[in-house]
Structures are given as structure tokens and as C-alpha cells.
Amino acid sequence: MFSGFAARAVLTLAFAIAVCAPGFAQELVFGVNEGVTYRITPHETRERYKELGELLAKALRRPVRIVPEDNYPKLRKNLEAKFYDIAYVHPAHHSYRAIRDEGYRLVATTKGWDKYKARFLIKADATYKQPKDVLHAKMVMPDPDSITAWMVRATLRDLGADPKQISLGATRYQDGIPFMMEHGFYEVGITAAGSVVKEWESKGGKILFESRPVPIKHVIVSPVLSKEDAERVGAVFLGLETTKDGRAILQKLGFQGYLRPNPADTVELTKWLGI
């Protein structure tokens, strides 16, 4: 008869042997982040990505667990720990950092989100004429650790801005930016949300200028996965448009499809964003 300690030791050993045994289907973690400046709940994320997770599980022959994460510090920590085997990351600066520092591989970017721009909005009666004019204005942008904010800082840096001299506030949600401008809190509002820009222009507001485009919503794969599995993940995303079931998944996600990334662009944009 085993003692309590001996019984636990036997069970632990048995589990370790099972995990190492050929054919053991070890679970893969699919982390999903769709930004913090949009109002999307974890429950909504799990539901939207359910069928995609099942398709990935079939291709990889292993269970796939979807883990929503809208907290950026936790997202970064999990990427550094290689907690995610697969990650869908809206804030491109976090995926670029994980690619450079942690060995993650970028296998796909999202169509329709491959030319994401920060737009500098002004009122119809504003006197600003050129981009450099905003360096003396009171500006507001989304969350300081959003991809939009990183694009804003890089754009202002290119204009010659002194970070200590500019007035740059922040708000968590992008749809709050027009309100702040309309009520006189800020003179320039900066957003990359198409719906916010469209509504602003419909009311007579203007876009003074835009940042350079950045592809966001990246699909990255942990270096822990084999090269073959990384290629399978990329093939799943890139092939969604080619099948009826895949197109149904895209419709549920609200995306057009996925694109094969350019490694040279990844390196260059990592430098430009100042990551």
C-alpha cells in the first residue's frame, strides 16, 4: 500500500510519462487581443474565435484553447514568457517586440488592417494649415500603450517634436475623442478608428494629416512550436478565403482575409515605431 507521499509521486511520474509519450495531445494556447480602445468583452472574443480555434486544432492535431487578453501589460508579460503558442495581436508594437526579443514568428497580417493610420483631426474652423502646426496645439490620442499612440509619437518625432514641449493627452476609448474636441478640452484629436473619422467628417470636421500606414492585427507563432506547425498555422489563416467554411469564419470575425507578411517591413517598422 502506497503512503500519501508515495502515491502522489507515482501519479506525478505517470503524468510526466503520459505527456512525453508519442501521440499525447498537449493543449495549445491561442491568445487573442483585439485592442483596449474598443469595447469587446472576453466572452464575445471566445465566441467569435471558436470555429477558428477548432480549425487550428484540426490542422495541428492538438486541442486549442482560446485565451482573450485585453490587458496590455499582461499581454506583454505572457508573450515574454511564451505563454501563447499562437497569438492574434491587435497592438502591433507588442507583436513586433515579441518577434524581435522572444523569437515569435509573424505568419499573417489582416486584410483591411494592413494600412492602419493615425489621423490628426481638427475642427472645420481650425487655423492649422500644415502638420507642424499641431506641435503647438493641445492634442488627445487613445491609450498611451495602444498601437495608435505609438504611431502618433513616431509621427510627431518625425516632425521634430520635443516630447517635453508638446501637449499630448490620452483617453482609453477612441470614440471619446470627438466629444473632448467638441467641448473645448483639446484642439486636435488623433484616432485610427475609421468609424470615428467618418462621423467626424460627416459633421464638418477635417483631417489635417495622417501618419504612415502600419499593418496591425498580427498572427504570430511561438518559437516553441516547430517550423512545420508554424507553417500550418499560417496556412490556416491564409487559406480561409478559399473554402466555404473558411469564408463563414471570416464573416463571423468581421475580416476580409489574411496576408503573407514581408519580413523586411517588420524590421523597418519596429525601428520606426521606436519599440
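Predicted model: local features only at pLDDT ≥ 70, side-chain atom pairs only at ≥ 80, totals over all residues.
## Overall make-up

The protein chain has 275 residues, and 47% of them count as buried. Its secondary structure comprises 11 helices and 11 strands.

The accessible surface is about 14,400 Å². Carbon and sulfur atoms account for 55% of that surface.

## Nonpolar cores

In soluble globular proteins, nonpolar side chains tend to be buried together. Here the largest nonpolar core holds 46 residues. Within that core, L156, V188 and I220 touch the most other members. Helix α6, residues 147-158, is the top contributor, giving seven residues. A second, separate core has 27 residues, among them L56, V64, V219 and L240.

What does V188 touch, leaving out residues up to four places away in sequence? Its contacts are F120, L121, I122, Y128, V134, A137, K138, M139, V140 and M181.

## The five-stranded sheet

Five strands form an open sheet in the order β7-β6-β8-β5-β9. The pairing is mixed. β7 (167-170) and β9 (206-210) are the edge strands, and each pairs on one side only. From one strand to the next, the twist averages 30°.

Strands of a sheet pair through backbone hydrogen bonds, either parallel or antiparallel. Strands β6 (residues 138-141) and β8 (residues 188-191) run parallel and are joined by two bridges. V140 has G189 of β8 as its bridge partner.

## Helices across the sheet

α6 lies across β5 (119-122), β6, β7, β8 and β9. Its direction is at about 145° to β6. Helix α8, residues 194-202, lies across β5, β8 and β9. α8 runs at about 25° to β5.

## A mostly covered helix

Is helix α5 (residues 92-102) mostly covered or mostly exposed? It is mostly covered, with nine of its 11 residues buried. The buried set is A92, H93, H94, S95, Y96, R97, A98, I99 and E102.

The buried residues of α5 pack against several elements. The helices are α4 (72-80), α6 and α11 (263-273). The strands are β3 (86-89), β4 (105-110) and β10 (218-221). After α5 comes G103, with a positive phi near 85°.

Technical notes
Residues numbered from 1 in each chain as written. Heavy atoms only, no water. Helix = DSSP H or I, 4+ residues; strand = E, 2+ residues; numbered from the N terminus. Buried < 20%, exposed > 50% of the residue type's maximum accessible area, 1.4 Å probe, protein only. Areas by Shrake-Rupley, 256 points an atom, 1.4 Å probe, with all protein chains shown as cover. Core = buried A, V, L, I, M, F, W, Y, C linked by side-chain atoms within 4.5 Å. Contact = heavy atoms within 4.5 Å. Pairing = 2+ DSSP bridges. Axes fitted to C-alpha atoms, helices over the stretch in contact; angles between N-to-C directions.
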